[in-house]
Amino acid sequence: MKLPVRVLIVEDLPTDVELAQREIRKVLPQCEFLQVDHEEAFMDALREFRPDIILSDYAMPRFDGMRALALALQHVPETPFIVMTGSMNEETAVSCMKAGAWDYVIKEHIKRLGSAVLSALDQRAVKQEKLQAERSLRESEELFRNLFQNHTAIKLIIDPDTGRLVDVNDAAVAFYGWSREEMLRMRVQDLNTLPEEEIRKRMDDVRNRRKAHFEAQHRRADGSLRNVEVFSSRIEVKGKVFLHSIVIDVTERKQIEAERERLMTAIQQLGEIILITDTTGKILFVNQAFETITGYSPQETVGQTPRILKSGVQDEAFYKNLWDTITHGRTWKSRIVNRKKDGTLYTESATISPVKTPSGKITHYVAVKRDITEHLELEAKFQQAQKLEAIGRLAGGVAHDYNNMINVILGYTQMAMAQVRNHPKLYEQLEQVLAAAHRSSEITQQLLAFARKQTIKPEIIPLNASIEKSLRMLHRLIGENIELAWHPGKTVGNVYVDPVQLEQMLANLCVNARDAIADVGKLTIETDRVTIDDAYCKSHPEALPGDYAVLEVSDNGCGMSAEVMEKIFEPFYTTKEVGKGTGLGLSSVYGIVRQNKGFIHVYSEEGKGTTFRIYFPHHETPGKILETRQTVAPVKGKGERVLVVEDEPMLIEVTREILKAAGYVVVTATRPEEALQIVSSDTVGFELLISDVVLPEMNGKELAKRIREHLPDVRVLFMSGYTANAICHFGILDEDVDFIQKPYSVASLTAKVRSILER
Ligand SMILES: Nc1ncnc2c1ncn2[C@@H]1O[C@H](COP(=O)(O)OP(=O)(O)OP(=O)(O)O)[C@@H](O)[C@H]1O
Ligand SMILES: [Mg+2]
């Protein structure tokens with residue numbers, strides 16, 4: 001509803017008031033009037049009546065039109081003020097208008113008052129609208145100014161033509177460290193570390209595309225550099241283009257990002273698995289190592305639980321303990337056998353810890369796991385080797401003592417047999433003793449081989465040719481039902497091994513293959529040449545890098561289980577029934593291979609057959625094939641004097657008897673000192689010294705040297721059950737030394753002695 005127009009009439013004459021009211025009512029029927037005729041009432045009316053329009057007489061007895069006008073302009077400048085004059089000339093009217101009146105009406109032409117009032121009210125409306133508009137403009141300008149000036153974001157207004165900073169806000173002043181005045185004298189080029197050229201390009205960019213977002217580095221008053229992100233937009237003020245840039249300091253964020261990236265790269269490239277789950281065990285993160293080790297990609301894993309790796313090896317109690325530990329806020333450590341994506345099992349060493357908030361609430365679990373499968377395998381291999389080493393020492397010691405005893409048995413039995421040729425019954429029984437002694441001797445030999453205590457004479461021999469020489473013997477060993485295939489490798493050259501041991505090894509392996517083949521089958525002997533590198537040696541600690549000749553013996557027999565395979569090199573380990581096998585075959589093969597600086601691997605699967613692969617260092621120098629040792633016939637002596645030094649009394653007796661029977665003069669000593677004494681007090685001299693290698697006080701080699709000081713021409717024969725460093729380096733005899741292996745037969749001892757004396 002429109003309010004009635006309030007008209008204030010400043011007039012002293014009631015008739016004139018009447019006249020004016022009538023005229024106004026003609027155009028504004030709904031209006032209120034108030035009449036005043038002095039200043040006080042006028043002022044009250046301005047305040048209380050609040051007129052929309054003021055009509056005022058020019059001259060009044062108690063008031064004055066000009067004065068009223070001045071007051072109105074001062075207090076209500078927007079209210080139209082119309083002057084009414086009576087007998088007045090135009091000049092008065094003009095002065096009134098000059099003073100600020102909106103219009104004038106001459107009382108004689110009072111009829112014009114209505115239209116004058118209407119037009120004044122219209123003008124007022126227009127003016128008010130304009131004022132209103134101006135006010136809101138002012139207000140919004142102020143608002144924007146405030147927004148710019150007090151905003152927490154750093155803001156710059158830039159002149160794109162020069163780069164000058166036209167305006168900067170408080171945040172900018174605080175951030176850059178220059179005063180506002182200083183900044184307004186600077187250009188954006190002074191802040192940015194980019195070359196001028198580049199900055200210009202960017203400013204043009206914003207000008208053309210209205211908007212841009214880029215990263216930069218800004219310099220501050222203290223010289224420090226900050227990484228910033230700039231959002232720049234184009235604004236137009238009175239036809240002039242400016243750039244409005246909001247600058248965000250991202251230095252810390254960048255540092256955190258870079259740190260995070262570094263951390264992430266490290267975690268990703270770690271050899272250990274890092275796995276993070278939530279409190280329910282749902283996997284949130286796995287690093288690269290997880291995929292490398294388990295085969296599951298992060299996409300397949302995230303969202304799952306670690307149960308995808310469950311192998312079934314651990315029982316429920318194991319997992320319950322794990323959960324109990326970590327849900328109580330403690331770290332859990334253990335080995336776990338898990339299953340990879342491809343189904344294979346692996347062992348990991350795992351540490352699982354809860355991740356807690358400062359107040360102690362568990363938010364995540366993090367697992368650090370290392371695949372120790374290979375490590376465990378290596379450890380097992382190492383332990384196995386150590387075990388064999390220890391057993392070897394034990395076996396070697398026992399075999400050494402046994403050997404001497406067997407020698408005694410052999411010697412006396414043979415001598416007794418020579419005396420009872422006329423008693424067939426007795427002779428036969430002694431033959432049995434001899435056979436048992438021979439068999440015992442074989443066992444001791446194998447034990448010595450395993451213990452790497454066999455006296456060996458390695459030679460550089462062509463591997464293929466050496467094997468070929470044994471083929472006939474091997475054929476006989478394995479019988480007719482088994483096919484023997486021989487595939488010599490073309491590039492295989494020489495190896496440095498004892499040819500007798502090589503044959504022994506082949507025989508052992510072929511007999512084993514024969515036993516593994518139930519009925520008919522195939523045995524393959526193959527040779528090859530391979531180069532072994534550092535990588536291979538890492539997983540095979542017994543190997544050394546280099547060129548190797550490989551001897552491979554395979555059969556398609558019953559194969560072995562993993563449990564059997566673990567023990568086959570142990571002496572006396574056999575799966576054969578009592579009386580069928582002693583379990584020394586592979587032990588001696590193992591010892592022989594190691595003694596000849598080679599190594600052996602076995603591959604076998606139950607029901608599928610077995611392959612033994614033996615590696616010997618390759619030798620370039622060609623060698624000759626050693627002729628198999630001849631069996632020597634017993635030979636009689638010619639009364640030469642022989643000095644025998646041996647610390648085992650029983651053995652010394654049997655040796656004396658054998659030599660005496662063969663026609664020698666024998667003097668014996670059980671200790672080196674005793675032997676030296678005999679030589680120094682003796683006047684006739686000795687043709688031959690037979691000495692054990694290992695003696696109390698001084699070794700055989702040393703003794704021989706000392707005896708030669710008295711008897712420079714004496715010949716020397718060493719005997720031993722096993723090698724000793726005194727005469728052989730690492731079990732290898734010096735080339736020019738005469739040696740007889742214990743136990744020896746009557747024939748071999750007498751033949752050896754004879755051949756030395758006849759030389
Ligand atoms: N080629 C093979 N195939 C299957 N099993 C084998 C083979 N070679 C060896 N073995 C297993 O290894 C065990 C040990 O072999 P090793 O040669 O040391 O002793 P042995 O053959 O039982 O007895 P010995 O050789 O002393 O007469 C055998 O009992 C057998 O179980
Ligand atoms: Mg065997």
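1. Lys 155 stands opposite Ile 246 in S10. The model is predicted. Five bridges connect strand S6 (residues 154-158) with S10, and the two strands run antiparallel.

2. Now the sheet around that pair. It is open and has five strands, ordered S7-S6-S10-S9-S8, with antiparallel pairing. Strand S7 (165-168) and strand S8 (211-219) are the edges, each pairing on one side only. On average, neighbouring strands of the sheet are turned by 30° against each other, direction ignored.

3. Which strands does helix H5 touch? Helix H5 (residues 113-150) packs on the sheet and touches S6, S7 and S10. The direction of H5 makes about 90° with that of S7. Helix H9 (residues 196-209) also packs on the sheet, in contact with S6, S8, S9 and S10. The angle between the directions of H9 and S8 is about 155°.

4. Next, charge pairs. Side chains of opposite charge can pair when their charged atoms come close. The count comes to 44 salt bridges. One of them joins the side chains of Arg 226 and Asp 249, with N to O at 3.0 Å. This pair links distant parts of the chain: Arg 226 lies in strand S9 (residues 225-237), Asp 249 in strand S10 (residues 240-249), and 23 residues separate them.

5. Asp 249 is partly exposed, at 28%.

6. A second salt bridge pairs Lys 310 with Glu 316; their closest N and O atoms are 3.2 Å apart. Lys 310 is partly exposed, with a relative accessible area of 31%. Glu 316 reaches 54% relative accessibility and therefore counts as exposed, the threshold being over 50%.

7. Arg 656 and Glu 653 form another salt bridge, with 3.3 Å between the closest N and O atoms. Why are they separated by about one helical turn? Because Arg 656 and Glu 653 are three residues apart in helix H21 (residues 649-661). Arg 656 is partly exposed at 23% relative accessibility. Glu 653 is partly exposed at 29%.

8. Some salt bridges share partners. Such bridges join Asp 159, Asp 161, Asp 204, Arg 207 and Lys 240 into one network.

Notes. Residues are numbered from 1 along each chain as its sequence is written. Chains are lettered from A and ligands numbered from 1 in the order in which they are written. This is a predicted model: local features need pLDDT of at least 70, side-chain atom pairs count only at pLDDT 80 or more; totals for chains, interfaces and linings use all residues. Side-chain values use heavy atoms; hydrogens and water are left out. A salt bridge is a side-chain nitrogen of Lys or Arg within 4 Å of a carboxyl oxygen of Asp or Glu. Helices (H or I, at least four residues) and strands (E, at least two) are DSSP runs, numbered from the N terminus. Buried means under 20% relative accessible area, exposed over 50%, partly exposed in between (1.4 Å probe, protein chains only). Two strands pair if DSSP finds at least two bridges between them. Axes are lines fitted to C-alpha atoms, for helices over the stretch in contact, and angles run from 0 to 180 degrees between N-to-C directions. Contact means heavy atoms within 4.5 Å.
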